[in-house]
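Work through the exercises below with the coordinates open. Try each task before reading its solution.

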Amino acid sequence: MVAEMPAVLVIDDEIRSLEALQRTLEEDFVVFTASSAEDAKAILEREWIRIVLCDQRMPGTSGVQFLTEVRERWPDAIRIIISGYTESEDIIAGINEAGIYQYLLKPWQPEQLLLTLRGAAELYRLQADNQRMSVDLKVAEPVLRQRVAEKREAVRRNFATDAILRAADSPMNAVCELLEKVARVDVPVLLTGESGTGKELLARGLHLASSRNAEPFVTENCGAVPDQLLESELFGYKRGAFTGAYEDRVGLFKQADGGLIFLDEIGETSAAFQVKLLRVLQEGEVRPIGAPRPIPVDSRVIAATNRDLEVEVREGRFREDLYYRIAAITVTVPPLRERTMDISLIAQAFADEIFTTIGAEPQELDREIQACMTAYRWPGNVRELRNEVLRMVALADGGPLRAADLSPRVLRAGEAEDEQELSLLAGLDGDLKSRLEALEARIVKESLIRHRWNKTRAAKELGLSRVGLRNKLSRYGLERD
C-alpha cells in the first residue's frame, strides 16, 4: 500500500517564486498554490491541508497575520513562514501569535526546504496519532479498568490461600488460617520448610490477603546470585558506580515500594550482606550503589528458608539481630510426605493443567497410581510431584495414564510399604488365633510405651474402656512392674 503524500499549501505573491517552490516540493508532496490570502483561504476550506508555507510580505496582509488566522480556524495545520527579511519583530510575532513551526529565509536551499517540510509532515502525523490515542484512551478507560479488575480476580483465584489444594484434614489448613491472620498485620513473616513445599505460593497468598494487595509483589532468590550482584539487584545502583553500570537501575526494594518483597533462601546470604539487609529493615531506606544519599522505601518483607535459622544463629552463620527482624512470626510449611491426604488432589490438578496445555482431554488418575504416589515420601515435594505427573503424561503419548510409567523409585515405594507391613508379622508362629493374639499384644504394648504407660490415653487411642484395657493387660501379661 502506497502512503498518501501530505498536502502543502504554498502562498506567495511572486509568481516565479511560487513556481520554484512548487517544482521543488511536488515530488514529495501534493502542492497547492495561492498568490493571495483570499485564494489560500478558499483552498483551506475545501482541501485537507497539512502544511501551510507562507511568504511574510504580501499585498494587504503579512504572513504572520494570515497564519494567526489559520491557527484559529485550522489549528492542526503546521505553519511555516518564508521571507527575505529578518526583522526580529516579525520572528517574535510569528512564534507568539501565529505559532509557526519554522521561519525560513530567502534565498532558500532546496535540500534545507525539503528537510524542513518533511519534519513538519512528521510532526503533523505525530500530532494526529496523539489526538487519536487520546480519544482511544478516553473510550477505552472503562474497558481497561474492567480488564484490570478481571486479571486481579484471576490472580486471586489462582494464588489466594483458599485456592491452595488441600483435604479437609490436611495440616495445610492450619498454615493457611495462620497466614490469613498475620496478613492483616504489617509484620515480617518467615516461612520455613523444605524446598519445593510451596513457600512462594504461600507468600503470594499472604500478599493477596493483606491491605497491600493492589501494590507490587516482587521476588528474589537470595541463594541464586553472589553478594555483589544481589546488592545491586535489591538496592539498585547509579550510572558509573562500577564497570558495566551504564545507566541507573531501580532496586527491587524500591520496585516493591508500597507492596511486598519476598526474599527466598534468606539463609544462604553471607554475613557481610546480612549487615546491609539489617540496616534496610531497621531504617526503612536503601542506598543504591554509588548514590550520595539513601532513599526511603516502604516494602513489607516476607523471607523464606529451608534451613533451621535458630541452629544457624547458634552456630554463628546467621546474625541473631537479623533473625529477629525477619521472624516476627514464623510459619512452618509441612513437607508433602506429611500431607499424604493432599497428594492425589494436587497430582490430579497437575494432570488436568498439563492435559489442557497440550489440548488433550483430561484423564483421572487411577487407584494404582494414587496408591504409589501416596506411599512415596517425595523428597522434592510438590516440585517433584509435578515432574512425575509430567513424565506420566509424556510417556502415555495420548494413551491412558499408567502406574508403570512412574519413575522406578516411586513404584518401589509401594513395594517397600508392603514389605514393612509384612515385617510386622515376622516372628509370629502358630495358628491364626495365636498370631492374632500376639499381634494384638504388640499393638497394645506399643501404644502404652508411646503414651508413657498412661492407660487413659492408650485406651482412648485403641478405642477401649479402661476396664477393657486392664483385661487385655492382664490377659497378655503386660502389667508394668
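**Exercise 1: the sheet**

In this predicted model, strand β9 pairs with β12 (residues 260–264) in the parallel sense, over five bridges.

Task: find which residue of β12 stands opposite E220, then give the strand order of the open sheet and state which strands stand at its edges.

Solution. 
- Step 1. Opposite E220 stands L263 of β12.
- Step 2. The open sheet has five strands with parallel pairing, in the order β9-β12-β15-β8-β16.
- Step 3. The edges are β9 (217–221) and β16 (329–332); each has a single partner strand, so one side of each lacks a neighbour in the sheet.
- Step 4. From one strand to the next, the twist averages 20°.

**Exercise 2: H207**

Task: decide whether H207 is buried or exposed, and list its contacts beyond four places in sequence.

Solution. 
- Step 1. Locate H207 in helix α7 (residues 199–209).
- Step 2. Its relative accessibility is 4%; buried means under 20%, so H207 is buried.
- Step 3. Leaving out neighbours within four places in sequence, H207 contacts R212, N213, E215, P216, F217 and L260.

**Exercise 3: I346**

Task: classify I346 as buried or exposed, and find how far I346 is from R386 in space.

Solution. 
- Step 1. I346 sits in helix α13 (residues 340–357).
- Step 2. With a relative accessible area of 7%, I346 is buried.
- Step 3. I346 and R386 are 40 residues apart in sequence, but 8.5 Å apart in space, C-alpha to C-alpha.
- Step 4. Residues up to four places away aside, I346 touches L165, L336, R339, V382 and L385.

Methods:
Residues are numbered from 1 along each chain as its sequence is written. This is a predicted model: local features need pLDDT of at least 70, side-chain atom pairs count only at pLDDT 80 or more; totals for chains, interfaces and linings use all residues. Side-chain values use heavy atoms; hydrogens and water are left out. Helices (H or I, at least four residues) and strands (E, at least two) are DSSP runs, numbered from the N terminus. Buried means under 20% relative accessible area, exposed over 50%, partly exposed in between (1.4 Å probe, protein chains only). Contact means heavy atoms within 4.5 Å. Two strands pair if DSSP finds at least two bridges between them. Axes are lines fitted to C-alpha atoms, for helices over the stretch in contact, and angles run from 0 to 180 degrees between N-to-C directions.
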